[in-house]
Amino acid sequence: MAEIVCREYRPEDAAGYLRVHDEAFPAMPTGYWERWTRGPTTASVAMVDGEVVGAVPFVFRDLVVRPGVTVRVAWEYSVCVAARLRDSGVGSRLMTEAKRFLPGRCVAMMVYRNDERSAAYRYYARNGHHDLLYARAWSRTEPAPAWPAGVQRIGWESFLSREARYRALFTDAYAVYGGFPQRVPGFYGPAVDTPQYNEVPVTLTVLDAGEAGYLIAGREDATLHLMEIVVPDNDVHCAVQLLAGFTALAGESGARPVVMTDDGAPSVMALRAAGFKPEGRDGDPMMIMAHVLDPETLAATVWREDAATAGLEVTAWTPEREAVLHRAASSPVRRVRLEMKEDALTRLLFCRLDLRAAVAQEIVTTPDATDAEVRAIAAALPFTPWVYHYLDQI
């Protein structure tokens, strides 16, 4: 067989990529793909004799890591390899190439993945991706309730025409959370114009409860997905009313209402109150996984500086690499080292690890940091609850 060459995507690769894509996923229109790739996207492609035989596409996103802090990441989607070359190492070579050209443009590669026992999940794990969040499916089998008072349904275009109001409600409801793309002006239209929504179209309906909040529902075949639920002040009663409308909407068309969210989401209490039941991780959970490309830039961005850490130079050691997480801003300089596996480093840098608890459990060890210094570093990289929204799927 001719040599496999991996490189970054070029516009002339479109037709070849779509041929391979359409072997593995529902067909994507050529015109859509060409328009999509004119945006903040790239890909790692594998070539044989000038023919595309595999690709890992990426879209660049600004991810909220913790309140007020965003980082640029490259989100992976629609990874595919020609059928004749699957299980031959092409996918891993594509990842290696991406790790060569992405540094300097983003701090990490990320992906939404499901089924922890699948070959696809193992592929990401083998290529240095680590879990940051688990979202489980919640469903309801009881008869649909009556339509709740105070909740009205509106069309997607009406929602977009008042997007600023809805974004303000979202910002209020998720002010202490991270884990989602930043909701900037004009976010919502492009959010549902991604490859996933072109491969499998979704019919959108918005349930509006005024200042009490809103819910975005998406019908996909025989499933009604909860795309996003927003209730300022996390009012359980209001959330239950919106969930009643969501369930009634599903009942009208015979669809199965499904909610994918993580255990730390503010909607969990309302889901239980509304009669939804959670599945275990042996069902079909959704993970957010990440591979950190640039730990020093990521650490510098998320680090919350104060007097307690101003004199600390903090280094992270893993079996794979070492990185400076913080450079001292004052003298005298005190050097400390944190030792851990790559999965712990990934979680720490994305504010998904409670450092004090991790040190107590020996998930993180240190030969020289005092208890006070561990507390100070933990405050600088504070554990932050994340929330998964189905809307954000690519």
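1. A charge counts as sitting over a ring if NZ of Lys or CZ of Arg is within 6 Å of the ring centre and within 35 degrees of the ring normal. In this predicted model, Arg61 meets that description over the face of Trp75, at 5.7 Å from the ring centre. Arg281 likewise lies over the face of Tyr134, here at 3.7 Å from the ring centre.

2. Aromatic pairs number 19 in the structure. One of them joins Tyr166 and Tyr214, edge-to-face, with 5.0 Å centre to centre and 75 degrees between the planes. Tyr166 belongs to helix 6 (residues 163-173) and Tyr214 to strand 11 (residues 214-220), so this pair ties together parts that are 48 residues apart in sequence. Both Tyr166 and Tyr214 are buried.

3. For Tyr174 and Tyr177, the ring centres are 5.9 Å apart and the planes stand at 70 degrees; the pair is therefore edge-to-face. Tyr174 and Tyr177 are both buried.

4. Tyr166 and Tyr214 also belong to one aromatic cluster, together with Trp156, Phe159, Phe187 and Tyr188.

5. Turning to helix 1 (residues 14-24), its buried residues are Ala14, Gly16, Tyr17, Leu18, Val20 and His21. The elements that cover these buried residues include helix 2 (30-36) and helix 8 (195-199), along with strand 3 (51-66) and strand 5 (80-81).

Notes. Residues are numbered from 1 along each chain as its sequence is written. This is a predicted model: local features need pLDDT of at least 70, side-chain atom pairs count only at pLDDT 80 or more; totals for chains, interfaces and linings use all residues. Side-chain values use heavy atoms; hydrogens and water are left out. Buried means under 20% relative accessible area, exposed over 50%, partly exposed in between (1.4 Å probe, protein chains only). Helices (H or I, at least four residues) and strands (E, at least two) are DSSP runs, numbered from the N terminus. Contact means heavy atoms within 4.5 Å. Rings of Phe, Tyr and Trp (its six-membered ring) pair if their centres lie within 6.5 Å; planes under 30 degrees apart count as stacked, over 60 as edge-to-face and the rest as tilted.
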